[in-house]
Amino acid sequence: MTAVHPTAVIDPAARLAADVEVGPYAVIGPGVEIAAGCVIGPHAVIRGPTVIGSGTHVFQFASIGEVPQDKKYAGEDSALEIGCNNTIREFVTINRGTRDGGGVTRIGDDNWIMAYVHIAHDCLVGNGVVFANGASLAGHVLAGDGVTLGGFTLVHQFCRLGEGCFTSMGSCIRRDVPPWVMVAGDPAIPHGTNSEGLRRRGLDGEEQRRLRAAYRTLYKRGLRLQEAIDAIAADADDDPLIERFVAFLRESPRGIVR
């Protein structure tokens with residue numbers, strides 16, 4: 001049976017699984033769907049259309065699925081989709097999408113989103129990310145699987161964060177961050193590969209060596225970007241990790257951190 005505190009306000013048009021827990025003074029609006037095993041903390045506000053996958057815990061005072069902070073937004077239909085087993089801590093704000101961005105903000109599975117994080121309209125966030133306290137994504141940001149953002153990292157709109165990349169506290173991201181690269185500073189600049197993240201993902205020493213070699217080609221040999229991409233691609237030898245690295249570099253409309 002759904003455990004709803006008597007002070008919670010839940011619209012009749014919201015759909016909650018039978019075992020969802022809802023804390024005191026939470027507000028859940030029409031068009032919200034919350035799957036089994038979710039916990040919604042006190043004073044959280046969830047606006048629809050929003051879908052939240054099973055096992056997700058939304059802590060107190062979070063604002064989920066509110067209209068986007070975009071002056072071009074004119075009330076058109078848009079949505080927020082959140083996957084399974086996410087932790088969304090206090091005062092997190094996640095906005096719905098806009099027409100210009102495809103209409104959907106999407107969050108994957110198994111993510112750890114700490115207090116005061118902001119995820120703006122039309123962002124696409126993968127699986128297994130860690131966003132530390134106060135990190136903020138502007139609109140249309142793409143964050144791949146396993147991204148780690150240090151506290152108070154700021155990400156410019158339309159930037160892409162490659163899988164497994166890592167930012168230090170207070171980084172200001174104005175261009176794309178390639179997969180498995182660590183960056184720091186304002187503006188953020190590269191500081192090596194995320195060796196600890198690679199180790200945790202189970203990549204062996206040879207795979208890590210090849211990625212470090214690709215990093216050196218990109219950042220240490222004094223090559224122009226296209227020359228570096230071509231050189232890395234020539235040495236890829238069908239390694240899927242390096243091929244994904246090259247594909248990210250080739251598909252970077254904003255350019256990469258340098």
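Arginine 160 and aspartate 176 are both buried, where buried denotes under 20% relative accessible area, exposed over 50%, and partly exposed the range in between (1.4 Å probe, protein chains only). The structure is a predicted model, in which local features need pLDDT of at least 70 and side-chain atom pairs count only at pLDDT 80 or more, while totals for chains, interfaces and linings use all residues. Residues are numbered from 1 along each chain as its sequence is written, and side-chain values use heavy atoms, with hydrogens and water left out.

The side chains of arginine 160 and aspartate 176 form a salt bridge with an N to O distance of 3.2 Å; a salt bridge is defined as a side-chain nitrogen of Lys or Arg within 4 Å of a carboxyl oxygen of Asp or Glu. Because arginine 160 belongs to strand E24 (residues 160-161) and aspartate 176 to the loop between strand E26 (172-173) and strand E27 (181-184), the pair ties together parts that are 16 residues apart in sequence. Helices (H or I, at least four residues) and strands (E, at least two) are DSSP runs, numbered from the N terminus.

The structure holds 14 salt bridges. One of them joins the side chains of arginine 106 and glutamate 81 at 2.9 Å, N to O. This pair links distant parts of the chain, with arginine 106 in strand E15 (residues 104-107) and glutamate 81 in strand E12 (residues 79-82), 25 residues apart. Arginine 106 is partly exposed, at a relative accessible area of 37%, and glutamate 81 is likewise partly exposed, at 32%.

A further salt bridge connects the side chains of aspartate 239 and arginine 210 (3.0 Å, N to O). Aspartate 239 lies in the loop between helix H3 (225-234) and helix H4 (240-250), and arginine 210 in helix H2 (residues 205-219), so parts 29 residues apart in sequence are tied together by the pair. Aspartate 239 and arginine 210 are both buried.

An unreviewed UniProt entry annotates residues 176-257 as "domain: UDP N-acetylglucosamine O-acyltransferase C-terminal"; UniProt positions are given in the numbering used here, feature names are shortened, and annotations may be inferred rather than shown by experiment. Over residues 176-257 the chain is 51% helix and 11% strand, and the end C-alpha atoms lie 6 Å apart.

Strand pairing was examined around E11, with two strands taken to pair if DSSP finds at least two bridges between them. Strand E8 (residues 45-46) runs parallel to E11 and is joined to E11 by two bridges; isoleucine 46 stands opposite isoleucine 64 in E11. Three bridges join E11 to strand E14 (residues 93-95), also in parallel, and isoleucine 94 in E14 is the bridge partner of isoleucine 64.

Phenylalanine 61 is located in the loop between strand E10 (57-58) and strand E11 (63-66) and is partly exposed, at 40% relative accessibility. Phe61, Phe91 and Tyr116 make a nonpolar surface patch of about 320 Å². Patches consist of residues with over 30% relative accessible area and no salt bridge, like charges being joined within 9 Å and nonpolar side chains (Val, Leu, Ile, Met, Phe, Trp, Tyr) within 5 Å. Accessible areas come from the Shrake-Rupley method with a 1.4 Å probe, and for residues only the protein chains shown count as cover.

A search of the whole structure finds zero disulfides, a disulfide being a pair of cysteine sulfur atoms within 2.5 Å. The sulfur of cysteine 84 has its closest cysteine sulfur in cysteine 38, at 7.8 Å, too far for a bond. Cysteine 159 is buried, with a relative accessible area of 0%, and its sulfur is 8.9 Å from the closest cysteine sulfur, in cysteine 172, again too far for a bond.
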